[in-house]
Amino acid sequence: MAEPWEDDELDGPVRKFMYVNRRAPYGTIYALESLEVVLIAAAFEQDVSLVFMDDGVYQIKKEQNTDAIGVKNFSPTYRALEGYDVEKLYVEKESLESRGLTIDDLIVPVQVVEKDQLAELMEEQEVILSF
Amino acid sequence: MPIEVNGKSLEVDEEGYLANLNEWEPEVATIMAREDGTELTENHWEVINFLREYYEEYQIAPAVRVLTKAIGKKLGKDKGNSKYLYELFPYGPAKQACKYSGLPKPTGCV
(Lines give C-alpha, C1' and ligand atoms only; values in the text may rest on other atoms or scores of the structure.)
Protein backbone atom coordinates (compact mmCIF):
# COMPACT_ATOMS: atom_id res chain seq x y z
CA MET A 1 0.00 0.00 0.00
CA ALA A 2 1.22 3.48 -0.81
CA GLU A 3 2.25 5.71 2.07
CA PRO A 4 0.08 8.82 2.36
CA TRP A 5 2.92 11.07 1.16
CA GLU A 6 3.28 8.98 -1.98
CA ASP A 7 -0.35 9.53 -2.79
CA ASP A 8 -0.25 13.17 -3.84
CA GLU A 9 0.47 12.61 -7.52
CA LEU A 10 -2.95 12.65 -9.07
CA ASP A 11 -3.77 10.31 -11.90
CA GLY A 12 -6.56 10.81 -14.35
CA PRO A 13 -7.08 13.10 -17.29
CA VAL A 14 -6.05 16.75 -17.29
CA ARG A 15 -8.71 18.88 -18.96
CA LYS A 16 -8.64 22.43 -20.19
CA PHE A 17 -11.02 24.44 -18.00
CA MET A 18 -11.84 28.07 -18.63
CA TYR A 19 -13.65 30.15 -16.04
CA VAL A 20 -15.33 33.26 -17.43
CA ASN A 21 -15.96 35.93 -14.80
CA ARG A 22 -18.42 38.58 -15.86
CA ARG A 23 -19.91 40.03 -12.69
CA ALA A 24 -18.87 42.57 -10.07
CA PRO A 25 -17.04 40.97 -7.11
CA TYR A 26 -19.69 41.76 -4.48
CA GLY A 27 -23.49 41.85 -4.43
CA THR A 28 -23.76 38.29 -5.67
CA ILE A 29 -21.87 35.13 -4.73
CA TYR A 30 -20.70 34.37 -8.30
CA ALA A 31 -17.19 35.85 -8.13
CA LEU A 32 -16.30 34.13 -4.86
CA GLU A 33 -17.82 30.83 -5.96
CA SER A 34 -15.90 30.98 -9.21
CA LEU A 35 -12.66 31.57 -7.34
CA GLU A 36 -13.39 28.61 -5.07
CA VAL A 37 -13.96 26.21 -7.94
CA VAL A 38 -10.88 27.56 -9.70
CA LEU A 39 -8.82 26.69 -6.62
CA ILE A 40 -10.37 23.24 -6.46
CA ALA A 41 -9.68 22.55 -10.15
CA ALA A 42 -6.13 23.81 -9.66
CA ALA A 43 -5.66 21.63 -6.58
CA PHE A 44 -6.61 18.70 -8.83
CA GLU A 45 -3.93 19.85 -11.28
CA GLN A 46 -6.23 20.71 -14.14
CA ASP A 47 -5.27 23.09 -16.95
CA VAL A 48 -7.04 26.20 -15.72
CA SER A 49 -7.47 29.60 -17.32
CA LEU A 50 -9.52 32.58 -16.19
CA VAL A 51 -11.19 35.31 -18.17
CA PHE A 52 -12.31 38.62 -16.68
CA MET A 53 -14.75 40.58 -18.79
CA ASP A 54 -17.66 43.01 -18.39
CA ASP A 55 -17.95 43.96 -14.68
CA GLY A 56 -15.83 40.89 -13.89
CA VAL A 57 -12.72 43.03 -14.39
CA TYR A 58 -13.54 44.72 -11.06
CA GLN A 59 -12.85 41.40 -9.31
CA ILE A 60 -9.12 41.93 -9.73
CA LYS A 61 -9.05 45.67 -9.18
CA LYS A 62 -6.46 46.88 -6.68
CA GLU A 63 -7.33 48.44 -3.32
CA GLN A 64 -10.74 46.96 -2.72
CA ASN A 65 -12.31 47.97 0.55
CA THR A 66 -15.37 46.07 1.75
CA ASP A 67 -15.65 47.55 5.24
CA ALA A 68 -18.89 49.39 4.50
CA ILE A 69 -20.69 46.32 3.11
CA GLY A 70 -19.60 43.93 5.86
CA VAL A 71 -18.23 41.14 3.66
CA LYS A 72 -14.74 39.76 3.36
CA ASN A 73 -12.43 41.31 0.77
CA PHE A 74 -11.28 38.17 -1.01
CA SER A 75 -9.25 39.92 -3.69
CA PRO A 76 -5.88 38.99 -2.07
CA THR A 77 -6.69 35.37 -2.93
CA TYR A 78 -6.23 36.07 -6.66
CA ARG A 79 -2.57 36.62 -5.85
CA ALA A 80 -2.39 33.06 -4.53
CA LEU A 81 -3.28 31.66 -7.97
CA GLU A 82 0.35 31.75 -9.09
CA GLY A 83 1.26 29.34 -6.28
CA TYR A 84 -1.47 27.03 -7.63
CA ASP A 85 0.20 27.22 -11.08
CA VAL A 86 -2.74 29.15 -12.47
CA GLU A 87 -1.01 31.68 -14.66
CA LYS A 88 -3.35 32.06 -17.63
CA LEU A 89 -5.37 35.12 -16.70
CA TYR A 90 -7.02 37.00 -19.54
CA VAL A 91 -8.78 40.33 -19.45
CA GLU A 92 -11.00 41.43 -22.31
CA LYS A 93 -9.63 44.70 -23.64
CA GLU A 94 -12.85 46.59 -24.26
CA SER A 95 -14.24 45.72 -20.81
CA LEU A 96 -11.10 47.09 -19.18
CA GLU A 97 -10.89 50.27 -21.24
CA SER A 98 -14.57 51.15 -21.10
CA ARG A 99 -14.29 51.17 -17.30
CA GLY A 100 -11.36 53.55 -17.36
CA LEU A 101 -8.95 50.87 -16.11
CA THR A 102 -5.49 49.76 -17.20
CA ILE A 103 -3.38 46.75 -16.20
CA ASP A 104 -1.73 48.97 -13.57
CA ASP A 105 -5.06 48.99 -11.73
CA LEU A 106 -5.04 45.19 -11.39
CA ILE A 107 -3.65 43.13 -8.49
CA VAL A 108 -2.37 40.28 -10.66
CA PRO A 109 -0.44 40.08 -13.93
CA VAL A 110 -2.82 39.45 -16.82
CA GLN A 111 -2.83 39.22 -20.56
CA VAL A 112 -5.14 41.72 -22.24
CA VAL A 113 -6.92 40.17 -25.21
CA GLU A 114 -9.27 41.34 -27.94
CA LYS A 115 -12.68 39.71 -28.35
CA ASP A 116 -11.62 37.64 -31.37
CA GLN A 117 -8.54 36.32 -29.53
CA LEU A 118 -10.82 35.37 -26.67
CA ALA A 119 -13.05 33.48 -29.08
CA GLU A 120 -10.00 31.52 -30.27
CA LEU A 121 -8.97 30.72 -26.69
CA MET A 122 -12.49 29.50 -25.99
CA GLU A 123 -12.33 27.24 -29.02
CA GLU A 124 -9.35 25.45 -27.45
CA GLN A 125 -11.15 24.62 -24.18
CA GLU A 126 -12.78 21.38 -23.14
CA VAL A 127 -14.90 22.95 -20.43
CA ILE A 128 -16.06 26.56 -20.14
CA LEU A 129 -17.85 27.77 -17.04
CA SER A 130 -19.44 31.19 -16.95
CA PHE A 131 -19.98 33.05 -13.70
CA MET B 1 -17.90 20.99 21.45
CA PRO B 2 -16.03 24.22 22.29
CA ILE B 3 -12.41 24.00 23.42
CA GLU B 4 -11.11 25.59 26.60
CA VAL B 5 -8.09 27.87 26.09
CA ASN B 6 -6.70 30.10 28.84
CA GLY B 7 -10.04 30.15 30.63
CA LYS B 8 -11.94 31.07 27.46
CA SER B 9 -14.34 28.81 25.65
CA LEU B 10 -13.76 28.86 21.86
CA GLU B 11 -16.34 27.67 19.35
CA VAL B 12 -15.23 25.00 16.86
CA ASP B 13 -17.07 23.35 13.97
CA GLU B 14 -18.01 19.66 13.79
CA GLU B 15 -14.53 18.75 12.54
CA GLY B 16 -12.75 20.72 15.24
CA TYR B 17 -11.75 23.77 13.19
CA LEU B 18 -11.90 27.10 15.01
CA ALA B 19 -15.15 28.94 14.19
CA ASN B 20 -13.58 32.38 14.49
CA LEU B 21 -9.99 32.57 13.36
CA ASN B 22 -9.44 35.87 15.16
CA GLU B 23 -9.70 33.98 18.43
CA TRP B 24 -6.55 32.00 17.66
CA GLU B 25 -3.57 32.14 19.97
CA PRO B 26 -0.58 29.79 20.15
CA GLU B 27 -2.14 27.94 23.07
CA VAL B 28 -4.96 26.82 20.71
CA ALA B 29 -2.47 24.82 18.65
CA THR B 30 -0.88 23.32 21.76
CA ILE B 31 -4.24 22.18 23.13
CA MET B 32 -5.54 20.80 19.82
CA ALA B 33 -2.30 18.89 19.31
CA ARG B 34 -2.41 17.47 22.83
CA GLU B 35 -5.92 16.13 22.12
CA ASP B 36 -4.39 14.31 19.14
CA GLY B 37 -1.62 12.98 21.39
CA THR B 38 1.10 15.23 19.91
CA GLU B 39 3.52 17.61 21.61
CA LEU B 40 4.39 20.44 19.23
CA THR B 41 8.05 20.94 18.37
CA GLU B 42 9.92 23.79 16.68
CA ASN B 43 9.34 22.02 13.37
CA HIS B 44 5.58 22.03 13.90
CA TRP B 45 5.64 25.71 14.83
CA GLU B 46 7.53 26.57 11.65
CA VAL B 47 4.66 25.17 9.60
CA ILE B 48 1.96 26.69 11.81
CA ASN B 49 3.54 30.15 11.64
CA PHE B 50 3.98 29.77 7.91
CA LEU B 51 0.27 28.99 7.52
CA ARG B 52 -0.74 31.97 9.66
CA GLU B 53 1.34 34.23 7.40
CA TYR B 54 0.01 32.59 4.24
CA TYR B 55 -3.56 33.17 5.36
CA GLU B 56 -2.82 36.75 6.35
CA GLU B 57 -1.48 37.41 2.87
CA TYR B 58 -3.88 35.43 0.67
CA GLN B 59 -7.00 34.93 2.83
CA ILE B 60 -7.17 31.20 2.14
CA ALA B 61 -5.76 27.98 3.52
CA PRO B 62 -3.49 26.48 0.84
CA ALA B 63 -4.04 23.08 -0.76
CA VAL B 64 -1.47 20.50 0.33
CA ARG B 65 0.48 20.62 -2.94
CA VAL B 66 0.72 24.40 -2.74
CA LEU B 67 1.71 24.27 0.93
CA THR B 68 4.46 21.74 0.23
CA LYS B 69 5.90 23.81 -2.59
CA ALA B 70 5.72 27.07 -0.65
CA ILE B 71 7.37 25.50 2.43
CA GLY B 72 10.16 24.26 0.19
CA LYS B 73 10.71 27.75 -1.13
CA LYS B 74 10.78 29.29 2.32
CA LEU B 75 12.36 26.64 4.56
CA GLY B 76 14.36 24.55 2.12
CA LYS B 77 13.90 21.37 0.12
CA ASP B 78 14.46 19.02 3.06
CA LYS B 79 11.26 20.44 4.59
CA GLY B 80 9.31 21.12 1.42
CA ASN B 81 8.40 17.53 0.76
CA SER B 82 5.36 15.43 1.56
CA LYS B 83 7.23 12.85 3.62
CA TYR B 84 8.60 15.43 6.05
CA LEU B 85 5.23 17.18 6.39
CA TYR B 86 3.30 13.93 6.85
CA GLU B 87 5.69 12.88 9.60
CA LEU B 88 4.93 16.12 11.43
CA PHE B 89 1.21 16.04 10.69
CA PRO B 90 0.15 12.42 10.14
CA TYR B 91 -3.54 13.33 9.64
CA GLY B 92 -2.56 15.26 6.51
CA PRO B 93 -0.30 18.33 6.55
CA ALA B 94 -2.82 20.77 5.13
CA LYS B 95 -5.80 19.55 7.12
CA GLN B 96 -4.16 19.05 10.48
CA ALA B 97 -1.75 21.99 10.40
CA CYS B 98 -4.52 24.35 9.24
CA LYS B 99 -6.66 23.21 12.13
CA TYR B 100 -3.90 23.90 14.68
CA SER B 101 -3.32 27.27 12.99
CA GLY B 102 -6.95 28.28 13.42
CA LEU B 103 -7.50 28.37 9.65
CA PRO B 104 -10.47 26.97 7.78
CA LYS B 105 -10.16 23.59 6.09
CA PRO B 106 -8.26 24.03 2.82
CA THR B 107 -10.40 24.61 -0.24
CA GLY B 108 -10.67 21.42 -2.25
CA CYS B 109 -10.11 19.20 0.76
CA VAL B 110 -12.75 16.54 1.26
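A crossover between two strands is called right-handed if, with the strands pointing away from the viewer, the path from the first strand over the helix to the second runs clockwise. The helices (H or I, at least four residues) and strands (E, at least two) are DSSP runs, numbered from the N terminus. This is a predicted model, in which local features need pLDDT of at least 70 and side-chain atom pairs count only at pLDDT 80 or more, while totals for chains, interfaces and linings use all residues. Residues are numbered from 1 along each chain as its sequence is written, and chains are lettered from A and ligands numbered from 1 in the order in which they are written.

Chain A contains a right-handed β-α-β unit, made by β1(A), helix α1 (residues 30–43) and β2(A). Strand β1 (residues 16–21) of chain A pairs with β2(A) in the parallel sense over six bridges; two strands pair if DSSP finds at least two bridges between them. In this pairing V51(A) of β2(A) is the bridge partner of V20(A). β2(A) also pairs in the parallel sense with strand β3 (residues 88–92) of chain A, over four bridges, and there L50(A) stands opposite L89(A) of β3(A).

A residue is buried if 20 or more other C-beta atoms lie within 10 Å of its own, exposed if 12 or fewer, and partly exposed in between, with C-beta atoms placed from the backbone. Five of the six residues of strand β2 (residues 47–52) of chain A are buried, so this strand is largely enclosed by the rest of the structure.

A nonpolar core is a set of buried Ala, Val, Leu, Ile, Met, Phe, Trp, Tyr and Cys residues joined through C-beta atoms within 7 Å. The largest one has 54 residues, and V38(A), A42(A), Y84(A), L51(B) and A97(B) have the most contacts inside it. Its largest share, seven residues, comes from α1(A). Leaving aside neighbours within four places in sequence, V38(A) is in contact with Y19(A), V48(A), L50(A) and V86(A); contact requires C-beta atoms, placed from the backbone, to lie within 7 Å.

The two chains also touch: 16 residues of chain B are in contact with 15 residues of chain A. On the chain B side, the elements giving two or more residues are α2 (42–58), α3 (64–75) and α4 (82–88). α3(B) gives the most, with five residues.

Further along chain B, Q96(B) lies in helix α5 (residues 93–100). Q96(B) is buried, with 22 other C-beta atoms within 10 Å. Not counting residues up to four places away in sequence, Q96(B) touches F89(B) and Y91(B).
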